[in-house]
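The sequence and the structure are shown first.

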Amino acid sequence: MNSIKNTTTSKLPNVKTTIFTTVGNLARKNNAIDLSQGFPNFSADPKLLQLASNAIKDNHNQYAPMEGYYPLREIIASKIEKLHNKNYDPVNEVTVTVGATQAIYTAITAFVHKGDEVIVLKPAYDCYEPAIEINGGIPVYVQLEGPDYKIDWSILKSKISSKTRMIVINTPHNPTGRIFTKDDMLCLQEILKNTNIILVSDEVYEHIIYDGKEHHSASRFNDLASRSFVCASFGKTFHVTGWKLGYCVAPAELMHEFRKVHQFAVFCVDHPAQRAIAQYLKNEQNYLDLNNFYQEKRDFFLSRLRNSRLKFTPTEGTYFQLLDYTEISQETDEELAKSLIVEKKLASIAISSFNVASRQDGVLRFCFAKRKETLEKACDILCDL
Ligand SMILES: Cc1ncc(COP(=O)(O)O)c(C=O)c1O
C-alpha cells in the first residue's frame, strides 16, 4: 500500500521552513544574541498588559464578532481619519485579523485566481509568495537594487500584463528599511489608474519612521485607496508580536469578499486582546511616540558601529538595519550568518532568503528592537569583525 507521503503532491513544493524558525532555532542552540527575527526583547507597556489582564478577568473570553470587536474597529477608523484624512466605515470596511499575516493571506486568497499574476518587489518579506502560489497565482518580480533600494517605476510598469491581478507593496520596507515617498505613491497611483489591479499595502511599520520623515499610507491617495487592502499590525506597534493582532481596511465591496474567506479561515480573533487594544488606542501618544522611541535605538546602534568595517545607509523606517559586510568577507550571506551564530554568538538574517534565486547583496539584516545592553554586546561583536 502507498504511504500518504507517496500519494500526496505538495501544493508548495519549493517552500522550506521559514528562515525565522531555522535561524531562531540555531540561535537558541548556540546561545547567541538574537538580532534575527523582528520582535522586541523588552516588555510592552504595563498599562496595556493590565488592560489585557482585566479583559480576561472580566470574562471576555468567548468568541469576538467575526469582523472584530466593534469599538476597536471604530477607533481604528478614527485613527486613520486623523492620520491620513481617509474615512473608512467601521461596519463594512475594517476587519480585525490574526496579525497582518492573516490579513495579507486572506486578501490574496479572496482575489487571486489560478493563473493570475501578482507583482512582488524583491527583496520581500517571506509571507507573500507562498500565499500567491497556494492559490495558483504567479509571482512576477521587480528587483530593488542596493544600496538605496529605490524603486524604478518604469520597470514595475513594464511588468504589468492583462493577467496582473494584484500588486503587493510594503512601506516602510522590510528588509531594506526604505520608505515610499509621496512621489512614489503618486507614481503607483498613476500606473494603476484605469486598471482592475488590487493593491495590498503592507504597512506594519507605519509608526516606525526616522529623521522626521512621513509615512505615506495607500489610504491617503484616493484612487489607490479605492483598490487597496491596507494591512497593519498591533504586534509591531505595541511590542506584542505574540498576540498576533492586526487589521486591514478596504472599500466595502473588496472587504465583502475578504470576509467570505476570513470567516472560514479564523472566524474571529483573540477577544481579550482586542478589548485591551481598543482601550489603549484612546491615548494616541501610545503610537505617536514610537518613532522617537525607535529613533533612539537606531541612532545608538549605528553610533556604536561607526568604527566597524561594516558599511550602511541608515534605515529610514522599520526596526531593521542592513549592514554591508563585503569589506570583511566574501562568503555568501547564508554562510556568514551561520558562522556568526556558531562562532561569534550573534544571529542575523541573510537577506538572500528574501530574494529570487538566493541573489547576493552582500548584506545581513539586524533587528535593533532590543534592550540597550543587548545592542551594546551585539555591536562589540560586530566591531571586532
Ligand atoms: C513586512 C512585514 N509584514 C507582515 C509581518 C507580519 O506581521 P504580524 O506579526 O502582525 O502578522 C511582518 C513581521 O515581521 C513584516 O515584517
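## Contact between two helices

In α14, the residues Lys297, Phe300, Phe301 and Arg304 meet Lys372, Leu375, Glu376, Cys379, Leu382 and Cys383 of α16, where contact means heavy atoms within 4.5 Å. By class, this contact has six nonpolar, no polar and four charged residues (Ala, Val, Leu, Ile, Met, Phe, Trp, Tyr, Cys and Pro count as nonpolar, Asp, Glu, Lys and Arg as charged, and the others, Gly among them, as polar).

The model is predicted, with local features requiring pLDDT of at least 70 and side-chain atom pairs counting only at pLDDT 80 or more, while totals for chains, interfaces and linings use all residues. Residues are numbered from 1 along each chain as its sequence is written, and side-chain values use heavy atoms, with hydrogens and water left out.

## Helix geometry

The axes of α14 (residues 290–304) and α16 (residues 372–383) come within 9 Å and cross at roughly 25°; axes are lines fitted to C-alpha atoms, for helices over the stretch in contact, and angles run from 0 to 180 degrees between N-to-C directions. That makes α14 roughly parallel to α16, a term for angles under 35 degrees.

## The sheet

Seven strands form an open, mixed sheet in the order β2-β8-β7-β6-β5-β3-β4, pairing being assigned if DSSP finds at least two bridges between two strands. Because β2 (94–97) and β4 (138–143) stand at the edges with a single partner strand each, one side of each is left without a neighbour in the sheet.

Six bridges join β3 (residues 117–122) to β4, and these strands run parallel; the bridge partner of Glu117 in β4 is Ile138. Helices (H or I, at least four residues) and strands (E, at least two) are DSSP runs, numbered from the N terminus.

Note on methods: Parallel < 35°, antiparallel > 145°, perpendicular 65-115°, else oblique.
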